[in-house]
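Dear colleague,

I am handing over the structure below, and after it you will find a description of what came out of it. Please keep the picture open while you read, so that each residue can be looked up as it is named.

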Amino acid sequence: MSGRKCHVIVYALYSQQNRGALIFVGMCFCSRISAVMCALGSAIGLFFAFGLGADRSDIYFGLWGFNPALSAICIGGMFFKFSSLSFLYA
């Protein structure tokens, strides 16, 4: 395999979108509750950022979706027992 083909394959495997998808699939295998809470937390953070009119480059870089996703995972099913109240609180 030539060096150029190898670089293309490595880039395809480790581009930002693929890393996020691989992490999400791994979370689905580990805990479906955490995966759902991660997706919802990130979506809420993104909607909040667009609503505030934040800089789009920061939003697309993932700065506005990362912390809400982690917070939703922790509050929604890790530190508190999963229930409708913990879901709403997260």
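Ser34 counts as buried, since its relative accessibility is 15%, where buried means under 20% relative accessible area, exposed means over 50%, and partly exposed is anything in between, all worked out with a 1.4 Å probe on protein chains only. Before going further, please note that this is a predicted model, in which local features need pLDDT of at least 70 and side-chain atom pairs count only at pLDDT 80 or more, while totals for chains, interfaces and linings use all residues. Residues are numbered from 1 along each chain as its sequence is written, and side-chain values use heavy atoms, with hydrogens and water left out.

Ser34 belongs to helix 3, where helices (H or I, at least four residues) and strands (E, at least two) are DSSP runs numbered from the N terminus. Leaving aside neighbours within four places in sequence, Ser34 is in contact with Met27 and Ile73, contact being heavy atoms within 4.5 Å.

**The chain as a whole**

The chain has 6 helices and 0 strands, and its elements run α-α-α-α-α-α from the N terminus on. Of its 90 residues, 19% are buried. Among the contacts between residues at least 6 apart in sequence, 37% join residues at least 24 apart.

**Helix 3**

Besides Ser34, the buried residues of helix 3 are Ala35, Met37, Cys38, Gly41, Gly45 and Ala49. Seen down the axis of helix 3, the buried residues fall within an arc of 165°, so they line one face of the helix, the arc being that of the directions from the helix axis to the C-beta atoms. An α-helix has 3.6 residues a turn, so residues three or four places apart point the same way. The face of helix 3 turned away from the buried side carries the exposed residues Arg32, Ile44, Phe47 and Gly51. Just after helix 3, Gly53 takes a positive phi of about 75°.

Ala43, also found in helix 3, is partly exposed, with a relative accessible area of 27%. The C-alpha atoms of Ala43 and Ala69 are separated by 8.1 Å, although the two are 26 residues apart along the chain.

**Helix 5**

Helix 5 has 13 residues and reaches 17 Å from its first C-alpha to its last, close to the 18 Å expected at 1.5 Å a residue. Its buried residues are Ala69, Ala72, Ile73 and Gly76. Seen down the axis of helix 5, these buried residues fall within an arc of 100°, so they line one face of the helix. On the other side of helix 5, Asn67 and Met78 are exposed.

**Two isoleucines to look up**

Ile59, in helix 4, is buried, with a relative accessible area of 5%. Not counting residues up to four places away in sequence, Ile59 touches Leu46, Ala49, Phe50, Ala54 and Trp64. From C-alpha to C-alpha, Ile59 and Ala49 are 7.1 Å apart in space, and they are 10 residues apart in sequence.

Ile23 lies in helix 2 and, at 54% relative accessibility, counts as exposed. The C-alpha atoms of Ile23 and Ala35, 12 residues apart along the chain, are separated by 9.3 Å.

**The largest pocket**

The largest pocket has a volume of about 610 Å³. On a 1 Å grid over the protein atoms alone, a pocket is an open set of points where a 1.4 Å probe fits, with protein on both sides within 12 Å along at least five of seven lines, and lining residues have an atom within 4 Å of a point. Grid points are joined across faces, edges and corners, and the volume is the space filled by probe spheres set on the points.

Of the 20 residues that line the largest pocket, the closest to its centre are Gly20, Ser42, Gly62, Gly65 and Phe66. The elements that give two or more residues to this lining are helix 2 (16-30), helix 3 (32-52), helix 4 (56-61) and helix 5 (66-78), and the largest share, 7 residues, comes from helix 2.

With best wishes

Note on methods:
Expected span 1.5 Å × (residues − 1).
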